[in-house]
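Open the model in your viewer and keep the sequence panel in view. Each stop below names a selection and says what to find there.

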Amino acid sequence: MLNDIVAFINNILWGNGQVLIYMLLICGIWFTVRLGGVQIKHFGHMFSLLKGSTSSNKEGISSFQALCTSLSARVGTGNLAGVAVAISLGGAGSIFWMWVIALLGMATGFAESVLGQLYKVKDDHGEFRGGPAYYIKQGLNKTWLAVAFSLCLFLGYGFIFSAVQANTITDALNAAYDIPTSYSGMAIIALAALIVVGGLRGIARFAEWVVPFMGISYVLAALLVCAINITELPAMLMNIIQSAFGLQEAGAGAMGAAVKNGIQRGLYSNEAGSGSVPHAAASAAPNPNHPVSQGYIQMLGVFLDTMVLCTATAFIILLAGGSSSEQMEGIRLTQSAMETHIGAGGADFVAAAICFFSFTSVVANYAYGESNLHMFKLDNKMGRIVYTCGYLAMIFWGSMAALPEVWAAADMALGLMSVINIIAIMWMTPTIVSISKDYFNKRERGETPEYKTGDCEIQGKTEDGIW
């Protein structure tokens with residue numbers, strides 16, 4: 001019965017209805033146009049903001065920590081297993097559509113992160129909290145919609161997504177070393193518990209050390225694979241383009257599968273529009289002191305996640321001839337591809353990579369869920385204990401569950417979150433455009449952009465004393 005409900009909802013969002021695919025494309029195009037192609041026009045400025053981004057204060061984490069925290073949630077199964085699933089079900093062309101949704105998603109990620117920073121609040125511990133539930137409640141005065149989003153986020157990031165990550169870790173370790181999934185599941189629970197007990201700051205400190213190390217290592221490995229197969233690159237790129245537009249034998253049916261799986265897995269990987277990243281953006285102490293600066297920082301996160309890390313996985317698989325039509329191979333397809341390139345050690349490398357990538361996601365997911373405890377007045381000791389126990393229990397379930405069931409539940413939770421968030425941020429377009437133009441104009445005049453309440457016309461009201 002439960003599986004039937006999940007399948008019905010997913011069919012509307014992702015299947016025959018494809019509601020969410022159209023919403024994501026429209027939203028990305030909308031903000032690309034309304035913000036003047038910010039992801040292209042100001043591409044270099046994203047990187048310039050990393051300078052000085054490691055500074056923070058006692059109330060917020062640094063911009064660099066916020067970027068690493070959001071990347072630690074983004075960079076996980078979507079980058080290794082998710083890309084493999086997209087190629088298995090949609091062919092090489094799915095990678096092209098993954099790039100398209102990432103490029104458009106950069107504008108969407110910018111918009112939602114600006115709102116996350118603008119409408120943040122301070123909790124009882126003096127730390128910043130924020131996200132879609134907060135800007136829906138303050139900016140749109142729609143408490144019922146804010147509660148609905150928070151419930152979807154608890155279901156997704158608080159519980160199901162961590163089960164997905166755990167499932168991939170245990171499957172990779174079982175394939176590489178025959179480690180029973182229950183053993184590795186218990187190990188994940190123990191390590192996660194040690195880190196999340198430190199709250200958001202502990203998670204951010206963990207992320208800022210682990211994420212750069214694992215990201216750089218993985219990209220270097222992909223560059224090595226490309227160098228080994230340099231003569232095959234032109235044919236691989238041509239295959240991606242031809243498959244994306246149904247120019248091969250399979251025709252339009254193959255194009256439809258490529259579009260669906262590329263966008264679906266692209267969203268799951270970079271999370272642009274889903275409403276997750278604004279939680280990290282809200283927690284940061286922005287540098288410069290303007291909400292839009294966090295829009296740039298998190299827009300960079302979308303680029304690094306999909307255009308860099310997902311592309312690395314795609315090249316590893318496709319250069320090994322891994323565009324297969326088999327069902328749900330997940331992480332094992334990536335492991336098999338790496339073995340083709342570097343021998344038996346390939347499975348070990350991917351197993352290590354997925355452990356790092358997915359485990360950081362498990363930890364960051366906890367932070368996103370915890371941020372919404374404040375919405376339900378559960379941001380206290382008992383509320384955290386109950387939430388933490390449920391979170392850890394779901395990790396153990398996910399470590400032994402069947403892969404299709406876990407992915408289906410994750411798709412449903414992500415889809416429902418995204419629908420609510422996309423409606424909200426498009427509704428709040430006037431605020432996003434107004435505050436963004438304030439930043440753009442000050443920067444064009446050679447000023448350091450600073451923001452104070454009253455500088456722009458915004459919807460609703462931000463919390464007094466923060467801006």
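Predicted model: local features only at pLDDT ≥ 70, side-chain atom pairs only at ≥ 80, totals over all residues.

**Stop 1: the start of the chain**

Select Met1, Leu2 and Ile5. These residues make up a nonpolar surface patch, and their accessible area together is about 370 Å². Leucine 2 belongs to helix α1, which covers residues 2-13. Its relative accessible area is 62%, so leucine 2 counts as exposed, the cut-off being over 50%.

**Stop 2: helix α7**

Now select residues 93-118, which are helix α7. How far apart are the end C-alpha atoms of this helix? They are 38 Å apart, and this agrees with the 38 Å that its 26 residues should span at 1.5 Å a residue. Then centre the view on glycine 105, where α7 has a kink of about 35 degrees.

**Stop 3: helix α17**

Move to residues 345-371, helix α17. From first C-alpha to last, this helix of 27 residues reaches 40 Å, close to the expected 39 Å. α17 is mostly covered, with 21 of its 27 residues buried.

**Stop 4**

Select glycine 82, which lies in helix α6 (residues 78-90). Is glycine 82 buried or exposed? Glycine 82 is buried, because its relative accessibility is 0%.

**Stop 5: the cysteines**

Stay on cysteine 310 and show its sulfur. Which cysteine has the closest sulfur to that of cysteine 310? It is cysteine 226, at 15 Å, which is too far for a bond. Next select cysteine 68, a buried residue with 2% relative accessibility. For cysteine 68 the closest cysteine sulfur is that of cysteine 310, 17 Å away and again too far for a bond.

A disulfide is a covalent bond that joins the sulfur atoms of two cysteines. With a cut-off of 2.5 Å between the sulfur atoms, the model has zero disulfides.

Notes: Residues numbered from 1 in each chain as written. Heavy atoms only, no water. Helix = DSSP H or I, 4+ residues; strand = E, 2+ residues; numbered from the N terminus. Expected span 1.5 Å × (residues − 1). Bend = angle between axes of the 7 residues up to and from the residue. Buried < 20%, exposed > 50% of the residue type's maximum accessible area, 1.4 Å probe, protein only. Patch = residues over 30% accessible without salt bridge, like charges linked within 9 Å, V, L, I, M, F, W, Y side chains within 5 Å. Areas by Shrake-Rupley, 256 points an atom, 1.4 Å probe, with all protein chains shown as cover. Salt bridge = Lys/Arg side-chain N within 4 Å of Asp/Glu carboxyl O.
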